[in-house]
Amino acid sequence: MSLFHRKPKTDAAAPALDDAAMAKTADAVVADAGTATPAPVVMPEAPAAPVAEEAVSTTATTENTPPATASEPTPSSAPATEPAPEPVSPTAVPAAEPAPVVPTPTPPAPAGAQLTIDSTVGEWLDDPVGGAIFRDMLAKAGQDEKVLRVVRRFSLKRLQSMSKGQMSDDIINDMIKRQNAGEMPAGASIPAPATEATETTTPDLPLWEEKITPDRFKGKTVIVTGAGSGIGRATASRVARESGRVIAVDMAEDRLKEFKDSLPDADITTVTGNITKQEDVDKIIETAGAQIHGLANVAGIMDGMLPLGELDDDTWDRVISVNLTGMMRLSRAALPKMLPLGNASIVNITSEAGFRGSAAGAAYTASKHGVIGVTKNTAFMYGPQGLRVNAVAPGGTATNIDGNNGSKLAAERLNPLYEALPDVATPEQLAASITFLLSDDGTNLNGVILPSDGGWSAQ
Ligand SMILES: NC(=O)c1ccc[n+]([C@@H]2O[C@H](COP(=O)([O-])OP(=O)(O)OC[C@H]3O[C@@H](n4cnc5c(N)ncnc54)[C@H](O)[C@@H]3O)[C@@H](O)[C@H]2O)c1
């Protein structure tokens with residue numbers, strides 16, 4: 001998935017749900033390249049229902065209206081004149097009347113290997129029939145196979161597990177059935193055999209499995225913002241399943257409810273609120289009670305990748321307000337209930353965009369650089385009082401964040417860089433990094449900015 005992809009269109013010509021879900025799955029896999037995967041689109045100001053989350057957004061935003069990407073041909077790049085016709089040998093064409101046109105039947109699909117749920121995305125795409133089925137589904141959702149680049153090594157099973165239900169068993173079974181039967185999508189042609197491998201392949205690595213550390217957060221109250229979705233939800237879930245008392249904060253009430261209901265035995269208190277509003281910040285702190293042992297500032301939004309010349313004040317204000325001002329206010333308000341403990345931990349979420357200028361737009365990049373500044377300064381100031389303040393910088397992660405690119409210039413500049421990005425991560429992988437720093441296992445770590453990005457920051 002190019003990291004930032006076009007949001008599938010949802011107009012009258014929208015694809016069937018299953019096709020859309022498929023594309024959404026892929027798209028959702030990387031959003032903020034700076035965050036990277038495309039996921040669903042939940043504009044915090046208008047949260048979407050959890051089901052619609054991950055990929056196919058039904059809520060469009062003006063600043064994210066996707067323009068043509070750099071790789072798409074534009075009118076100006078089209079040849080100015082029609083290409084000259086191929087020269088025809090006089091002996092090849094009789095001067096007589098042309099023969100009646102007889103429709104050429106589509107040749108049968110070449111017999112290839114029978115693909116399964118354990119076949120990799122790359123194997124599916126490289127198979128004449130499997131590739132046609134995959135591309136057809138993507139095309140119907142306004143996507144192309146570039147969105148699958150960072151998951152080529154993943155098995156279909158792994159892609160399904162990352163899709164969080166968007167790629168249903170029915171979709172998978174239908175794909176396998178059609179591929180095994182050699183059933184090409186209507187109108188699809190059999191591609192010419194590739195003359196060379198399109199990509200070097202490495203084995204599909206074993207799936208990482210989350211391992212709960214029992215009682216790691218027992219007796220601790222931990223506030224997690226953005227707990228309704230993606231990385232925040234995975235973090236809140238991990239803390240709750242390790243016996244912590246979680247104060248789960250999000251603007252999206254329905255998502256919070258769904259999260260709480262998913263863990264009926266856990267100690268979870270939800271707070272529906274906007275971290276940019278002081279009254280909501282006060283409500284969060286009050287709900288937490290007398291002691292706050294941990295705070296994970298995860299809530300955040302993207303900026304449509306807008307470069308400075310295309311950046312509007314509203315986008316700037318909104319992104320800085322949520323990503324930077326909100327986390328600062330909540331952390332500031334939590335200090336009086338953290339410092340007296342002599343052992344407390346704040347984990348802020350920055351991004352690859354906190355390290356470099358080539359991962360997002362100007363507002364998001366500025367906000368995530370700012371998060372690092374607040375993290376380091378607070379770590380330095382309050383470290384002697386037992387407060388540890390660290391940050392995690394995710395790479396591409398499959399969540400609901402809106403990673404759409406709203407700028408042609410940004411697409412031209414950023415897309416080529418995405419070619420070398422590591423595979424996307426799951427929110428649970430990020431939660432593993434965040435809870436490590438939140439917990440006492442993070443002892444002796446203060447002011448650290450921890451990339452959790454599969455190695456992107458090493459590039
Ligand atoms: N997904 C990635 O690839 C990626 C990469 C790098 C950094 N990040 C960062 O990770 C963090 C989590 O993002 P995610 O990918 O899980 O996104 P997500 O959209 O899946 O989840 C973010 C949640 O934050 C909530 N939220 C947004 N604004 C809020 C506000 N003002 N008050 C309260 N809640 C609010 C949203 O409703 C949503 O549920 C963000 O800070 C993001 O910048 C993500």
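The largest nonpolar core has 99 residues. Ile-223, Val-224, Val-246, Ala-248, Val-249 and Ile-284 touch the most other members. Such a core is a set of buried Ala, Val, Leu, Ile, Met, Phe, Trp, Tyr and Cys residues joined through C-beta atoms within 7 Å. Buried means that 20 or more other C-beta atoms lie within 10 Å of a residue's own, with C-beta atoms placed from the backbone.

This is a predicted model: local features need pLDDT of at least 70, side-chain atom pairs count only at pLDDT 80 or more, and totals for chains, interfaces and linings use all residues. Residues are numbered from 1 along each chain as its sequence is written.

An open sheet of 7 strands runs in the order β3-β2-β1-β4-β5-β6-β7, with parallel pairing. Two strands pair if DSSP finds at least two bridges between them. Strands (E, at least two residues) and helices (H or I, at least four) are DSSP runs, numbered from the N terminus. The edge strands are β3 (267-272) and β7 (449-452). β4 and β5 are joined by 4 bridges.

Two helices lie across the sheet's strands. Angles run from 0 to 180 degrees between N-to-C directions, and axes are lines fitted to C-alpha atoms, for helices over the stretch in contact.

| Helix | Lies across | Angle |
|---|---|---|
| α6 (residues 230-241) | β1, β2, β3, β4, β5 and β6 | about 165° to β1 |
| α7 (residues 253-262) | β2 and β3 | about 175° to β3 |

α6 also packs against α12 (residues 427-438) at about 60°, with their axes 8 Å apart.

Notes. Contact = placed C-beta atoms within 7 Å. Buried ≥ 20, exposed ≤ 12 C-beta atoms within 10 Å, placed from the backbone.
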